[in-house]
Amino acid sequence: MKCLLIASESAEVLFNWTDPEFQQKIQEQYGASQEEGQRLPAFEDSISTLFAPIIISCITMVDRLGDSYASFTTENNHIYVLHQFDECLYIAVNGDGEEGEDDLRRKIYVMKKMIEVLFGMVTLSSNLLRRELRPQDTEQRARLWKHLQSLLETYSHIRENDQSFLVEAVERLIHPTLCEQCIEFLERRLVQQLNSSIERAGEEVMHAFILVHTKLLAFYSSRNASTLVTSDLLTLIIMAQNMYPSCIDLDDPSPEVGDAKRKAPVPGFFNLGVGTPRGVPFKCSSPVFEFVDPDIQMAEDSLQTLEVPPPDPSTPRRVFLEVSLKEGLYPMMPHSMYCLPLWPGITLVLLTKIPTSAVAMSVYTYLEAFAKLEKRLREGQEGSAATRGQPTIHDLRSKLDKFIKALGPSDIQEDQASTESKCATAPCWPQYVIADLLNNEFSFRFSLIPWCKNMKTQLCGIYRQCFLIDPGPSDVPRHLSPGLQERAQTLVQEKLMDWKDFLLVKSRRNITMVSYPDFPGLIHFICVDRSTGQMIAPSLNITERNTSELGKGPVAQFIKSKVWSLVNTTRRYLQKGYSTVTLRDGDFYFCYFLWFENETGYKLEAVDLPILPDDSPPIGMLSWDYYRKLRRYYSKNHQGEVVKCYELLTVHLGVIPSEIILQHCRQLASKLWEPSRNPLL
Amino acid sequence: MAELLSPDLRGCTYFFLYDGSKVKEEGDATREGICYFYPEETPMDKQELLCGQLAGVARCVSELSSSSVRVLRLRRNKYAIRRKDDFLWALGSSVDVPTISVCELLDQLIDLFCFYNGSVRQSYQRNSREVLAMRWAQYLSHLQAGSSELHHIFSCLKTIDATNVDPLLLLKAALILQACQRCPLVLVGCILFRGRVVSTQMSPNLTMKVMVHESETYNKAHKPNGPSTSSSSGGTVSSITVFLTMSELQYLQSTPVDKGFKFHSTPHKDTIPKKTRLSRTLSDTPSTDSEPSDAGSTHSSQKVSFSPCLSASDNVFSPDPSENTTDLLHPPMQSQCPLSNGKSSHDAEEDESFYHSFHTNGGGMSQIGDSSGLEENSHLNGACGTVFDFRAAECGNEESHDHKVGEDSRRGSGGSAHGCSGATNSHNESPLVPMTLYLHRVKGLVLVLLVEPHFLSDTASMEEVYHSSLAALNGLEAHLRTIIPGPPGVQVPYVFAHFDCTQSTMTFSHFSLLFY
């Protein structure tokens, strides 16, 4: 019984996701006497009616008490977690005991992260985001929600099954030679060829990577690209998995057999503009259905009538990623994401910079300037006069004028947007000047704050117009041509043809405990380099068919559940400021260490970690990079030094003496990050 | 005790009782439904806001999950929520306090109210809101006033610092309680000194509840406001009506140790031997209950029974010459000290349970020696119930600083654990049974007995209990007063704290001197 809901301040449901049980319960409560055709709106109505009092109460509490709800627990252990981002209230519910409060909070933050990647700076304006998340057109809304819902389901599925998403770090295939070859191939052949083609329509490939299931085989960034942050990369992996799900549960050497049975379901089921690309030689539609269990399928069927033909599959996804340049950090810069399936389970992902991305940078600069201005005005109200900002205001004004002027003629498509914004901004300027003159008048300041907000909304509107709205058919090509995409795909396919089967098996048993004979008594470990966001862990095979060292099904399943709960425990302690946890549980002995190193691998002294409040964002890298904050916190005392942060988690047999365990941990840590074992990106 | 009245209640930020039945229609003001709100000086609109919003959300979530809400967490506060019929209680505290403590505190608070006032609905029909508001405030401040942070978090009983007290005094207190139990109308008792537990036969839950009234009367600042307060024999003795849940009552009336014997010996004894078997008070109670006329005759015969006991008691205490307090203790002890010898003269032949106790007694004496022998001894007379086991456990625990904890105390723990679960399980559903609390005050010392309601009308029993305990109480008070230098005002830094979850007590070891 799970549910996730996003609501606006006016108690309007902006998005909802429910599992079949929850949906059934809601429908039972409402008698469920709706006609077939009206099932969807009826369910949406009933869910919004049921949650409306909570949403309204939450908003009342914020308004009048300045405090808002964080969570509810009922006697039958249903958990409700609430979190408000700007004007959007997220509510996550669990009623089957599978998720705790922390899990739900994490889910909320991950959902927010995915929305940010999909909508970019539009999320900064609640007003616009509301319209974006809840389009007037019901068909469009159903399509969007279905996309978000399947993203969320994909995430939940991966998180429950994949160690890399458990600890929120990228897992690489450990095969140094092949990895190196692939990187070289991506660099010399693929990216170079793509970027020199005339068919690229002004786009420039910045990053290219090959995924085998959720694991990274090779990653290449072009020289002028900024690094792709881990949280973005993890989100992109979720998106790629959502488009071309791999059969994680199915450890099947001959996928055709299993797939034949699953092939039956509705075509175009996951096609939300990202489905099986049409022009692709390899028709890999089958694995798409791997996730769909019959219950979900039934619920989804209700949407079928609304399904419209998907947009051109060669159209890339627009994603908004963080970019750090010399000039500074720019979050949510527009990119195009091309997800090209090579074989089931193996995907090539290309990230391109779009030609107009400079506009996004300007928009961000202005947004920041207005946010600062607004802050100054607010502070001014409190008496700490801040007239120092004056030159900046003039500066800002002239720059913005120029920007808007430049925007108009340069791009025909933006015509409408810029005129719109000009109309809106023009009458504001005189007020601006007056305020400048009467800087000390509180009343003016006060009236300027909503105006600032309005300006920010306008900027977000321009941004939306530029990067989010599909300009519709036009003669000018706007992205890599289908032919070019196809060529890239074939190129990589040719390259990896001989390795294909090996890779699929390798991704299942990346490394195994057999490779670590020097550590008797060690059952499992996870090691994470938080500075690069990478992790190494022996694979946990929990299916019946594959026998790993951990034995078959139940035993491995048991160890898996132990590892999952241990990670949760360590995070709780980390939140309370503990960097070391040792724990004896039954026949097992768990250890967890977090430590810092400098660039040369010299272990730095431990410090007291900050203690986070209960409702702080969940510790991890996907939604909010805790470790980046941690490294920054640490390097305050280590100026000029590159601080690296590592985590090691081990599971030993309980009979092993603790001195040996500690010795193991030390040896393991030094062994794992030897350059020869794990080539860096 | 200033700490009891301190407005700075640890952790608790808000508490309210909201009656949803008063606010049904659109036009009804939220304030109609607010039965009590703490802190009382909170502006009415804020009260209305909190009550309205929290009650509304709790209701809504309950509907969604078809189960009532337990905890509402806000960013800066958390609320434990309880619902019963139309009533909704919410206890707010800061987020640092563990959720489980807040929930427990609220449960205790509601239990306390029901213990002294009966059902909430009825008490609000009978009394004005102002009167009941005072009580809520009193219970709230009582519960909040743990003597330390740890006391508060574990919501444990405040006990006298057993490390400073001669174990013999504790034993003496236990014996007083047992003596009182000879009267079949007396269920259990406890002895408190300056708002702290000296000895108790009750479960921690019940002791906690009983202590509220005592500390209230001990606090001269508070006027006694129990509606049924009636002072009978002089100013020092008083009584009030209290309400027990069925499970609590069953627990008090059930005597696990005894049951076994009863079962396979003679389940249907005629009443005549019972009248003379004064030591087995607990097991007797159900039958006397059902036959009030018979009960009367039991009491009258009881008086007679005391005197042989008196004479016999000397034997046990005299072989304890090492204690220099013994002489002082002696006179009060004599009056009621229940002894194996004394008892055996009465009913050795007819009672198999006695045989059992005699047996254990002998063993204990020979094996462990004096102090543990006394413990065993008390076992005999304590009418072999779990209730008694409790007290034994306490004795054992308190003595453990000096002596090793006997087998007895371990047994006692088991019994009390049973009682706890029984008492908390069904406090919601079970109907409340009125009982009477009898209090006998000697300055700072108070003897609290939970008695059958008709105990008050039974002058003979009352006088007997009064007179038999009076001297002993005086003696005990005199000793405790000299030993205990009042409640510790200053917090000494401690390095070791032990929480006994069975008795719900906290023991601190102050090793601060070691550092100098």
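Between domain 1 and domain 2 of chain A, 2 residue pairs are in polar contact, both residues of each being at pLDDT 80 or more. In this predicted model, the side of domain 1 of chain A that touches domain 2 of chain A draws two or more residues from each of α3 (101-119) and α4 (126-133) of chain A. The residues on that side comprise 6 nonpolar, 2 polar and 1 charged. Chain A also meets chain B, with 32 residues of chain A in contact with 25 residues of chain B.

**Domains of chain A**

- Chain A is divided into domain 1 (2-166), domain 2 (359-468) and domain 3 (511-673).
- Contact between domain 1 and domain 2 of chain A involves 9 residues of domain 1 and 10 residues of domain 2.
- About 810 Å² is buried between domain 1 and domain 2 of chain A, and carbon and sulfur atoms give 79% of that area.
- The salt-bridge count between these two domains of chain A is 1.
- A salt bridge links R464(A) and E132(A), whose closest N and O atoms lie 2.5 Å apart.

**Interface between chain A and chain B: area**

- The size of an interface is often expressed as the accessible area that is lost when the parts come together.
- Chain A and chain B bury about 2,600 Å² between them, with 53% of this area on carbon and sulfur atoms.
- On the chain A side, the residues losing the most area to chain B are L65(A), D67(A) and E75(A), which together account for 21% of what that side buries.

- E75(A) and R70(B) form a salt bridge through their side chains, at 3.6 Å from N to O.
- Polar contacts between chain A and chain B number 21 residue pairs, with both residues at pLDDT 80 or more.

**Interface between chain A and chain B: elements and composition**

- At least two residues of the side of chain A that touches chain B come from each of α1 (20-29), α2 (39-65), β3 (69-74), β4 (79-85) and α3 of chain A.
- Among these elements, α2(A) provides the largest share of that side, with 9 residues.
- The side of chain A that touches chain B consists of 12 nonpolar, 12 polar and 8 charged residues.

**Chain B**

- Chain B contains 21 helices and 13 strands.
- Of its 516 residues, 57% count as buried.
- Among contacts in chain B with a separation of 6 or more, 68% are between residues 24 or more positions apart.

Definitions and conventions: Residues are numbered from 1 along each chain as its sequence is written. Chains are lettered from A and ligands numbered from 1 in the order in which they are written. This is a predicted model: local features need pLDDT of at least 70, side-chain atom pairs count only at pLDDT 80 or more; totals for chains, interfaces and linings use all residues. Side-chain values use heavy atoms; hydrogens and water are left out. Domain bounds come from an automatic or database domain assignment. Contact means heavy atoms within 4.5 Å. Buried area is the accessible area (1.4 Å probe) that two parts lose on being put together, summed over both. A salt bridge is a side-chain nitrogen of Lys or Arg within 4 Å of a carboxyl oxygen of Asp or Glu. A polar contact is a pair of N or O atoms within 3.5 Å; within protein, one must be able to donate a hydrogen and the other to accept it, and residues adjacent in sequence count only if both atoms are side-chain atoms. Helices (H or I, at least four residues) and strands (E, at least two) are DSSP runs, numbered from the N terminus. Ala, Val, Leu, Ile, Met, Phe, Trp, Tyr, Cys and Pro count as nonpolar, Asp, Glu, Lys and Arg as charged, and the others, Gly among them, as polar. Buried means under 20% relative accessible area, exposed over 50%, partly exposed in between (1.4 Å probe, protein chains only).
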